[in-house]
Amino acid sequence: NSLEVVVSSFVVIRGVPVPKAKFVTQKLSRFSNNMILANGTTRLQPGDRVMFDRKYPGTVRYHGKVHFSPNVWIGVELDEQMGKNDGSVGGKRYFKCRSEHGIFAPPSRFAKRPDLELGCKVVLKQMHLGIVRYIGTSEFGAGEWIGIELKEAVGKHDGFVKGKRYFTCKPSHGIFARSHHVTRAISGIPDA
């Protein structure tokens, strides 16, 4: 089931009770060949937004057999110039993208990217409620980061990290996380 409806004053998520949280979350599963994704499909489709190695966002451009492996591979156009090709490998074109933005890898290296946007309500690591205040790259680590204003003072900063302001919130209410640690809350979370 891709939706979990919580009607009590707490919910147990993977064995951890989360108090006073009345909300509906969309479960977004890590992709593997035999898992069913949140949208009900059993595989990534061209056009799906994904994360490569849990750090680099991109868009699926190819899913299928490739000439360099007997297995099914995924071809992705990365948002950043972190790839190895332009959608072609060994002279065979599978899709077209900018130079060094294309990457091919087995499906296990990709995860569906959660549908996150600035201002959306989220649950961090299945226990902390918050609001997305920043999405993008940072000077403190490679790849994409999600900046979250937490409801409670369990964060690490106020949106100012290593000499740069990414967003503004109360002290100890800010935190950065990778998207695979963040689940979008569909409804019912009070404002942070």
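F104 is buried, with a relative accessible area of 10%, where buried denotes under 20% relative accessible area, exposed over 50%, and partly exposed the range in between (1.4 Å probe, protein chains only). This report describes a predicted model, in which local features need pLDDT of at least 70 and side-chain atom pairs count only at pLDDT 80 or more, while totals for chains, interfaces and linings use all residues. Residues are numbered from 1 along each chain as its sequence is written, and side-chain values use heavy atoms, with hydrogens and water left out.

## Aromatic pairs

F104 and Y94 form an edge-to-face aromatic pair, with 5.2 Å from centre to centre and 65° between the planes. Rings of Phe, Tyr and Trp (its six-membered ring) are paired if their centres lie within 6.5 Å; planes under 30 degrees apart count as stacked, over 60 as edge-to-face and the rest as tilted. Y94 lies in the loop between β9 (92–93) and β10, and F104 in strand β10, so this pair ties together parts that are ten residues apart in sequence. Strands (E, at least two residues) and helices (H or I, at least four) are DSSP runs, numbered from the N terminus. Y94 counts as buried, at 12% relative accessibility.

The count of aromatic pairs comes to 14. Among them is the pair of F68 and F104, which is edge-to-face because the ring centres are 6.0 Å apart and the planes stand at 85°. F68 is located in the loop between β6 and β7 and F104 in strand β10 (residues 102–105), so the pair ties together parts that are 36 residues apart in sequence. F68 is partly exposed, with a relative accessible area of 33%. Ring pairs link F68, Y94 and F104 with Y62, W73 and F95 into a cluster.

## Charges over rings

Y94 also has a charged neighbour: K92 lies over the face of the Y94 ring, at 5.3 Å from the ring centre. A charge sits over a ring if NZ of Lys or CZ of Arg is within 6 Å of the ring centre and within 35 degrees of the ring normal. R178 lies over the face of W145, at 3.8 Å from the ring centre.

## Salt bridges

Side chains of opposite charge can pair when their charged atoms come close. A search of the whole structure finds eleven salt bridges, each defined as a side-chain nitrogen of Lys or Arg within 4 Å of a carboxyl oxygen of Asp or Glu. The table lists examples.

| Salt bridge | N to O distance |
|---|---|
| D79 and R49 | 2.7 Å |
| R61 and E77 | 2.9 Å |
| E149 and R133 | 2.7 Å |

In the salt bridge of D79 with R49, the closest N and O atoms are 2.7 Å apart. D79 counts as partly exposed at 37% relative accessibility, and R49 counts as partly exposed at 32%.

R61 and E77 meet through their side chains in a salt bridge. R61 belongs to strand β6 (residues 56–66) and E77 to strand β7, so the pair ties together parts that are 16 residues apart in sequence. R61 is partly exposed, with a relative accessible area of 37%, whereas E77 counts as buried at 17% relative accessibility.

The side chains of E149 and R133 also form a salt bridge. E149 lies in strand β14 (residues 145–150) and R133 in strand β13 (residues 128–136), so the pair ties together parts that are 16 residues apart in sequence. E149 is buried, with a relative accessible area of 10%, while R133 is partly exposed at 33%.

Beyond these pairs, D115, E117 and R184 are linked in a network of salt bridges.

## Cysteines

A disulfide is a covalent bond between the sulfur atoms of two cysteines. The search of the whole structure finds zero disulfides, taken as pairs of cysteine sulfur atoms within 2.5 Å. C97 counts as buried at 12% relative accessibility, and C120 is buried with a relative accessible area of 4%.

## The chain as a whole

The protein chain has zero helices and 18 strands. Buried residues make up 46% of its 192 residues. Among contacts (heavy atoms within 4.5 Å) between residues at least 6 apart in sequence, 43% join residues at least 24 apart. The accessible surface of the protein chain comes to about 10300 Å², of which 51% belongs to carbon and sulfur atoms; accessible areas come from the Shrake-Rupley method with a 1.4 Å probe, and for residues only the protein chains shown count as cover.
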